[in-house]
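The sequence and structure are shown first.

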Amino acid sequence: MTQVKMDRRAFLAGSAMAAVSAVGLASCAPSAKSAKTKEASAEVQRVSLDPQAESVDVVVVGAGISGLAACVQAAENGQSVIVLEKGGAAGGNGMGTEGIFAVGSTLQKEQGIEISASEIVHTELSESQWRSSGALWYDLVSKSADNFEWLQKQGVQFSGVVDNYHVGLYNTMHWWKDNAGAVGYVPPMQAAAEANGVEFRFNSPATQLIEEDGKIVGVVVDGKDGEYQIQAKAVILASGGIGANPEYLKETGWTQEKVDEMMIVCSPNVAGDGYRMASEMGAKSFLSDAAIQSFQGVTAFGSDETVPYNSPLNGGNGLVALGPALWVDQDANRFCDESIAVVYNMAANACACLGNKENYAIFDQAFVNGLGLDEHDQAILDKATAGDYPESVFSANSIEELGSHFGLDTAQLAQSVARYNELASAGFDADLGKDASFLAPIQTPPFYIAKIVNNIVVVDGGITTNIRCEALDEDLNPIPGLYAVGLDGAMLWRNVYTQNMPGTAVGNQVNTGRNAANAARDYIASL
């Protein structure tokens with residue numbers, strides 16, 4: 001029998017790519033204040049611009065990775081800038097990022113790393129089944145070295161390590177100092193912005209866009225001393241996407257049941273504020289094509305609050321993502337190569353599970369023994385298998401009892417387990433092609449069944465944009481004066497976050513932030 005032992009550190013080799021792009025703060029609940037449905041948003045009364053409102057060239061909504069890049073670039077372009085941040089400090093989900101993508105950087109050249117832009121673009125497009133835009137990917141790749149040098153100029157600090165993030169296809173990952181955006185990126189970028197005259201207003205969420213004659217001309221702000229307006233020639237939405245908004249998550253394809261049971265790992269401020277405000281102005285939704293960065297979890301074990309949320313029992317690996325477990329659907333049929341999250345793409349398991357009504361992991365005591373659980377996690381498992389979490393985890397001495405507990409077809413489940421054991425004994429997965437190193441028979445009682453739920457990290461995309469990061473209407477025409485960057489307007493991926501090019505999510509956040517600021521400069525000059 002093959003034993004695969006994973007500890008917290010080992011998890012990094014399997015699925016921490018998600019951390020590059022978004023994770024950063026503790027597990028959180030969505031903000032009820034911001035969780036408005038599109039139907040409710042459609043009823044919002046338009047407001048007129050107050051002629052006495054303070055005036056600025058550019059308002060940036062959000063002070064995360066993309067918002068900081070946008071405000072620094074806009075200030076360098078000579079624009080006056082106000083940043084409205086819903087939270088009490090800059091950073092958001094970007095605090096937990098670990099580095100950025102680049103091709104042709106000085107660090108790569110010093111280390112003899114040579115990669116062509118065409119390699120990256122062609123590989124990424126082929127991996128996405130040609131659904132993504134080569135123009136957008138080339139824009140990111142061709143500007144990435146300049147973005148790296150620009151960040152260094154702003155004072156952003158790097159560790160000097162460039163690698164493939166353990167499992168990526170290319171050595172494109174440039175690690176922040178201390179491997180944390182909270183150290184290497186956020187403080188120096190905020191300092192650079194303030195040195196260039198950018199004003200940050202914290203605990204000051206933008207609540208509504210102001211439109212006149214088809215153009216965005218300002219925002220309404222829920223300030224510390226009440227509501228007020230800011231007149232702006234351009235507004236850049238960088239609010240972090242919709243990851244903590246259950247209503248908007250349903251628009252990505254999740255059923256109500258799956259949304260209700262999922263765990264959310266993100267900043268509570270990532271509640272779709274930018275998406276809502278843009279929708280109110282007629283922006284076209286991208287949510288049905290958005291790429292979901294998610295790994296699987298087991299509710300009983302919750303979400304590990306230590307970056308990158310990698311307890312063996314929280315779904316990062318261990319009970320559900322690690323290969324030797326057997327996965328079955330609501331019909332008790334096996335439906336995927338269970339190792340794909342570890343071997344190929346951490347986000348792939350979410351895609352595999354999306355079409356099923358229910359998903360379960362089946363494993364045995366030998367599997368648990370091989371996890372090397374610490375005392376804390378073992379105590380959680382003991383409590384769960386003692387019956388404290390009957391809707392999440394159940395243990396029994398027969399496979400039939402497992403199936404009966406969750407109302408599955410017991411005969412079919414027994415057959416699925418028997419077939420899986422046959423494949424494991426042969427050392428060859430003739431059904432779904434899982435690597436033999438991840439095949440282990442389920443034969444040592446007690447047996448376990450865990451209901452698989454999704455642990456949402458972030459959602460890439462929400463507002464449809466073009467290469468200039470202009471928000472587009474239903475006819476794909478730009479809405480003058482409105483831009484969406486980072487997770488608010490990510491367009492590089494469609495449905496599947498491929499994760500093959502390490503650091504590209506953060507790379508996209510910086511690149512779109514700068515693109516939007518430069519596009520806003522040109523737009524303002526034309527007014």
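## Salt bridges and cysteines

D522 and R521 form a salt bridge in which the closest N and O atoms are 3.1 Å apart. D522 is partly exposed, with a relative accessible area of 47%, and R521 is also partly exposed, at 32%. Elsewhere, salt bridges with shared partners join E257, E261, K357, E358 and K451 into one network. The model is a predicted one, and the count of salt bridges in it comes to 23.

| Pair | N to O distance |
|---|---|
| D522 and R521 | 3.1 Å |
| R494 and D289 | 3.3 Å |
| E338 and K434 | 2.7 Å |

R494 forms its salt bridge with D289. This pair links distant parts of the chain, 205 residues apart: R494 is in the loop between β18 (478–484) and α20 (504–526), and D289 is in the loop between α12 (273–280) and β11 (291–297). R494 is partly exposed, with a relative accessible area of 26%.

The side chains of E338 and K434 also meet in a salt bridge. E338 lies in the loop between β12 (326–329) and α14 (340–343), and K434 in the loop between α19 (410–426) and β15 (447–451), so the pair ties together parts that are 96 residues apart in sequence. Both residues, E338 and K434, are buried.

How many disulfides does the structure hold? The number is zero. For C353, the closest cysteine sulfur is that of C336, at 6.0 Å, which is too far for a bond. C353 is buried, with a relative accessible area of 2%. C71 is buried as well, with a value of 0%.

Methods:
Residues numbered from 1 in each chain as written. Predicted model: local features only at pLDDT ≥ 70, side-chain atom pairs only at ≥ 80, totals over all residues. Heavy atoms only, no water. Disulfide = S-S within 2.5 Å. Buried < 20%, exposed > 50% of the residue type's maximum accessible area, 1.4 Å probe, protein only. Salt bridge = Lys/Arg side-chain N within 4 Å of Asp/Glu carboxyl O. Helix = DSSP H or I, 4+ residues; strand = E, 2+ residues; numbered from the N terminus.
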